[in-house]
Amino acid sequence: MDYQAQDKDAAFLLFDVFHADESWAQIEEFSDLTPDLARAVLAESGRVASQVLAPLNEIGDTHGCEWNDGEVTTPPGFKEGFSELTQGGWLGLSGNPAFGGQGMPKSLGCLVEEMFWAANSSLYLYGTLTVGACLCLDAHGSAEQKKTYLEKLYSGEWTGAMALTEAHSGTDLGIMRTKAEPQADGSYSITGTKIFITGGEHDLADNIVHLTLARIPDGPAGSKGISLFIVPKYLPNADGSLGERNTMGSGSLEHKMGIRGSATSVINYDGAKGFLLGEEHQGLAGMFTMMNYERLSVGLQGLGSADLAYQLSARYARDRIQGRSVTGPQNPDAAADSILVHPDVRRMLLTQRAYAEGCRAFALYVGMQLDEAKYNNNERAGRISELLTPVVKAFLTDKGLDGAVMGQQVLGGHGFIKEWGLEQIVRDARIGQIYEGANGIQALDLVGRKIMRDGGGLMLELLEDMKATDVDEAYKGELIEACDRLARSTQSIVARGKNDPHLPGAVSVDYLDMVGMTMCAWVWALMASRAPDDDFGVAKKATARYFFDRLLPKTLGLERSIEAEADAVMEMPQALFSPA
Ligand SMILES: Cc1cc2nc3c(=O)[nH]c(=O)nc-3n(C[C@H](O)[C@H](O)[C@H](O)COP(=O)(O)OP(=O)(O)OC[C@H]3O[C@@H](n4cnc5c(N)ncnc54)[C@H](O)[C@@H]3O)c2cc1C
């Protein structure tokens with residue numbers, strides 16, 4: 001599947017829109033990171049994405065993974081592709097330099113990750129789980145644990161997996177049953193079954209480090225009694241070499257709608273040896289380090305799908321001739337005009353593009369907040385990134401699927417046929433809305449926890465900052481209106497939510513959508529105001545105009561629906577949801 005990395009747009013966002021180079025200059029760790037070096041990183045990651053990962057995307061879908069007596073074989077070429085990814089040091093791009101990471105900013109990392117996701121989401125999943133495991137180990141591991149695991153994970157010699165879900169315990173992790181019994185040597189014996197474990201077993205690396213949630217007997221009930229363990233497939237010897245095989249393994253592979261090159265296993269733990277990571281009973285907090293990273297990353301997966309779908313459908317539309325322009329033939333020598341003459345085809349392509357480019361800028365903004373929080377100890381930036389992480393996860397994955405389906409529509413019947421690639425993107429993009437906390441749960445986190453907790457205070461502050469941004473007059477008025485609209489909805493939810501416990505949950509998905517749209521309005525105003533006077537800038541301004549005229553007005557409807565009381569969703573008696 002042909003994929004063209006968006007390094008030009010990435011550099012425009014970094015340097016012309018968000019002035020990342022000025023922020024980096026304030027941070028000691030990035031003193032060597034010049035714009036030229038960042039451009040070189042983007043160019044090289046673009047090469048790996050388009051020339052190494054993208055050619056394996058369809059192969060991964062066609063072959064899928066194979067399970068044989070507990071061993072999993074990944075699709076042809078995946079080993080070589082993964083090895084290029086790891087040998088290029090890409091998994092350690094933003095990793096801790098003390099253990100072989102490259103210490104690059106998350107802002108740059110976001111743009112690189114989007115390329116890998118777009119080019120081959122199944123293959124990149126093995127990488128992103130590893131990067132997330134590194135973050136968690138770096139944040140919560142002992143010195144010994146960091147020394148044993150981090151270098152091997154950053155280098156991709158070993159990979160990471162995240163094991164939370166059980167058959168009866170998905171969103172509600174408090175009811176999980178996998179148990180961890182303390183042993184005399186300080187380790188724990190882990191017993192239970194996890195399902196849906198991405199990269200839980202495969203043939204791409206020598207060892208797989210499962211960060212596993214389990215319950216220590218006699219601990220508190222519910223989510224307060226869950227602890228986090230390192231459970232390696234092979235137990236490392238003191239010198240770091242591989243020792244004994246742990247008593248755990250893949251019981252089977254799930255048969256999935258998409259991301260078929262990614263091995264999703266049932267993992268059985270049969271008294272497996274595990275090592276506590278962090279404090280007893282603090283496992284969920286520890287796992288959140290990994291999950292917050294993964295949530296941002298899964299948002300980028302959605303963005304990658306949106307961009308790839310746009311690229312394939314725009315390319316198709318340029319060549320496809322069908323019908324005539326309503327103002328008369330545009331290409332009289334041919335049997336018909338390009339479908340690009342039809343307003344509705346343009347509507348679909350512009351919608352895809354407006355969301356893909358808007359979401360890229362939005363995600364980068366959040367990535368920059370993470371850098372500010374981590375390297376400049378900027379507490380407010382940390383809170384902004386926490387507030388917006390569920391929006392990045394859910395909004396970008398929603399737009400990823402929408403963009404893929406719209407791209408499919410641009411191709412007409414060919415969109416339904418495998419050889420054109422769009423149907424695979426639709427199947428692959430769907431999971432982004434479900435895993436890493438279903439999108440409904442992200443919306444609940446945004447509204448039920450974050451907005452209700454501080455009375456919407458941080459969101460209202462952020463909206464004031466956005467209104468005060470220096471942007472062209474052409475966009476200023478509509479941006480201010482959109483921010484005011486979101487501020488009204490925020491205040492209304494906070495006021496009504498205090499009296500009706502169902503209200504936040506009833507309106508949260510619409511609210512999250514409105515936040516995503518308003519963030520897009522802000523970044524589109526910024527992008528259009530900073531766009532150069534060349535074709536790239538003309539396209540930016542035209543797409544911005546489309547966003548403001550045709551997409552942003554959808555927030556009027558969202559405001560209206562948020563104003564409805566929760567009764568509309570709560571009044572139907574539970575029994576009546578059964579088929580009559
Ligand atoms: C391909 C794939 C890969 C995965 N990879 C991993 C992995 O690597 N590691 C791992 O641990 N897990 C993994 N998962 C599991 C995934 O994270 C869960 O499926 C997901 O979190 C949802 O849990 P569930 O399937 O049990 O759905 P449920 O929790 O049963 O939810 C069903 C529906 O109810 C809603 N719901 C549930 N509770 C509430 C609530 N309190 N308020 C409002 N709505 C609610 C949900 O939003 C959802 O729409 C993977 C799943 C798949 C399909």
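Helix 12 makes the largest contribution to the lining of the largest cavity, with 3 residues. Helices here are DSSP runs of H or I with at least four residues, strands are runs of E with at least two, and both are numbered from the N terminus. Helix 12 covers 422–429, and helix 6 (106–119) and helix 9 (283–319) also supply at least two residues each to this lining. The model is predicted: local features need pLDDT of at least 70, side-chain atom pairs count only at pLDDT 80 or more, and totals for chains, interfaces and linings use all residues. Residues are numbered from 1 along each chain as its sequence is written, and side-chain values use heavy atoms, with hydrogens and water left out.

What counts as a cavity? On a 1 Å grid over the protein atoms alone, a cavity is a set of points where a 1.4 Å probe fits but cannot get out; a pocket is an open set with protein on both sides within 12 Å along at least five of seven lines; lining residues have an atom within 4 Å of a point. Grid points are joined across faces, edges and corners, and a volume is the space filled by probe spheres set on the points.

The whole structure holds 3 cavities of 30 Å³ or more. The largest cavity has about 70 Å³ of space. Among the residues lining the largest cavity are Asn-57, Trp-117, Ser-305, Gln-424 and Asp-428. By class, this lining has 4 nonpolar, 5 polar and 1 charged residues. Ala, Val, Leu, Ile, Met, Phe, Trp, Tyr, Cys and Pro count as nonpolar; Asp, Glu, Lys and Arg count as charged; the others, Gly among them, count as polar.

The second largest cavity has about 50 Å³ of space. Its lining consists of Ser-23, Trp-24, Ile-27, Ser-107, Met-368, Asp-371 and Glu-372. Helix 2 (20–25) and helix 10 (343–375) each give two or more residues to this lining. Helix 10 gives the most, with 3 residues. The classes here are 3 nonpolar, 2 polar and 2 charged.

Now turn to the largest pocket. It has about 1,200 Å³ of space. Of its 45 lining residues, Ile-434, Tyr-435, Glu-436, Gly-437 and Ala-438 are the closest to its centre. Helix 7 (121–140), strand 5, helix 9, helix 12 and helix 13 each give two or more residues to this lining. The lining divides into 19 nonpolar, 12 polar and 14 charged residues.

Where does the ligand sit? The ligand sits in the largest pocket, by the test that more than half of its atoms lie within 2 Å of the pocket's grid points. Around the ligand are 19 residues, and Met-162, Thr-165, Thr-171, Phe-196 and Thr-198 are the closest; a residue is counted if one of its heavy atoms lies within 4 Å. This shell divides into 11 nonpolar, 6 polar and 2 charged residues. Strand 5 gives the most, with 3 residues.

A polar side-chain atom of Thr-171 lies 2.5 Å from a ligand oxygen. Taken alone, the ligand exposes 970 Å², and the protein buries 61% of that; accessible areas come from the Shrake-Rupley method with a 1.4 Å probe.

How values were computed:
A polar contact is a pair of N or O atoms within 3.5 Å; within protein, one must be able to donate a hydrogen and the other to accept it, and residues adjacent in sequence count only if both atoms are side-chain atoms.
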